[in-house]
Amino acid sequence: MRDNSSATVSVRTVLSRSSPAGLWLGFLGVAAFSLTVPFTKMAVTGLAPLFIGSGRAVVAAVLASAALALTRQVLPCGTQWFRVAVVAAGVVIGFPLLTSFALTSTAASHGAVVIALLPAATAAAAVIRGRERPPAAFWLVTAVGALAVTAFASAQSGGLGVLHWADLLLLGSVVAAAVGYAEGGLLARELGSWQTISWALVLASPLMLVLAAASAAQQPPSATPAQWAAFGYLAVVSMFLGFFAWYRGLAIGPIARVSQIQLVQPVLTICWAALLLGETLAWSTVLGGLAVILCAAAAVRVRLKPAPAPSSELDPAPLQTLKD
């Protein structure tokens, strides 16, 4: 087996070490992903959401194809293609498209609070996918987090039980990403980490190319240099390069420790929204974000705690990002 054909062999040799480099690389990946929502908000002011959600995947697929070809990666086989399709549906198609449409009518800071539920949602998806039996506290904390998001969204939509359509899209993006990340975490054991997202990009590229072309034909792209720069960041960094630092940080490990860094992503996103977009941070946003982040942190920690030592090192749940 070639060293560049799979991460299965090389990952096992580095996971036992504890290095500050893993934490720094993990933080670099999280910092890169934290700009996704603000830059999406910036891009949708000049470009169609369908073009943004699909076009960024097309650009990233070109980069992924080049990386896979240059490193001569082995093709997925058999049912691996179906699992790659699940990853693609969640993180390449579902999350980017749903968040792009949602951010046409809601603030980036609002979106960051709703998406903050993603770590807990991904842990839940990993539990279901892995047929685990976590303690009741896990489901309790996850439910509280979901209720916190619903209460926050309802309060900002005009009343209890009232959800704006953008909130439903954001919640849908959380579900899509959670399923994609949970399956991707398992598949990365076989294909490698960045290889998994790369194959997902390649597999989804024909559909995303058609969607991007249809959007461009209906509404020819016309944006300012800043909006094009935001789109470029989404395509090159959020959809592709950010995964290199994030997954490399997880590989250096320890995974359980490095994965916790992603819980600061909503905080960074809210700060970026204020600095780059000039959004005013209301107390409801700050308190809502804090509540969701605390619930997500508790859910992830409860999820990791009962796992035996050998399996925790290869736990799929930490392979979660807020991205893309």
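Buried means under 20% relative accessible area, exposed means over 50%, and partly exposed falls in between (1.4 Å probe, protein chains only). This is a predicted model, in which local features need pLDDT of at least 70, side-chain atom pairs count only at pLDDT 80 or more, and totals for chains, interfaces and linings use all residues. Residues are numbered from 1 along each chain as its sequence is written, and side-chain values use heavy atoms, with hydrogens and water left out.

**View 1. Arg83 pairs with Glu183.** Side chains of opposite charge can pair when their charged atoms come close. A salt bridge here is a side-chain nitrogen of Lys or Arg within 4 Å of a carboxyl oxygen of Asp or Glu. By this rule there are three salt bridges. In one of them, the side chains of Arg83 and Glu183 meet at 2.8 Å, N to O. Arg83 lies in helix H5 (residues 80-102) and Glu183 in helix H9 (residues 165-191), so the pair ties together parts 100 residues apart in sequence. Helices (H or I, at least four residues) and strands (E, at least two) are DSSP runs, numbered from the N terminus. Arg83 is buried, at 13% relative accessible area. Glu183 is buried too, at 7%.

**View 2. Arg83 also pairs with Glu190.** The closest N and O atoms of this salt bridge are 2.9 Å apart. Arg83 sits in helix H5 and Glu190 in helix H9, so this pair ties together parts 107 residues apart in sequence. Glu190 is partly exposed, with a relative accessible area of 35%.

**View 3. Glu183 meets Arg129.** Their side chains form a salt bridge at 2.6 Å, N to O. The pair links distant parts of the chain: Glu183 is in helix H9, Arg129 is in helix H7 (residues 118-129), and they are 54 residues apart. Arg129 is partly exposed, at 38% relative accessible area. Shared partners join Arg83, Arg129, Glu183 and Glu190 into one salt-bridge network.

**View 4. Four residues make a nonpolar surface patch.** Leu281, Trp283, Val286 and Leu287 form this patch of about 430 Å². Patches are made of residues with over 30% relative accessible area and no salt bridge; like charges are joined within 9 Å, nonpolar side chains (Val, Leu, Ile, Met, Phe, Trp, Tyr) within 5 Å. Accessible areas come from the Shrake-Rupley method with a 1.4 Å probe; for residues, only the protein chains shown count as cover. Leu287 lies in helix H14 (residues 283-304). Leu287 is exposed, at 52% relative accessible area.
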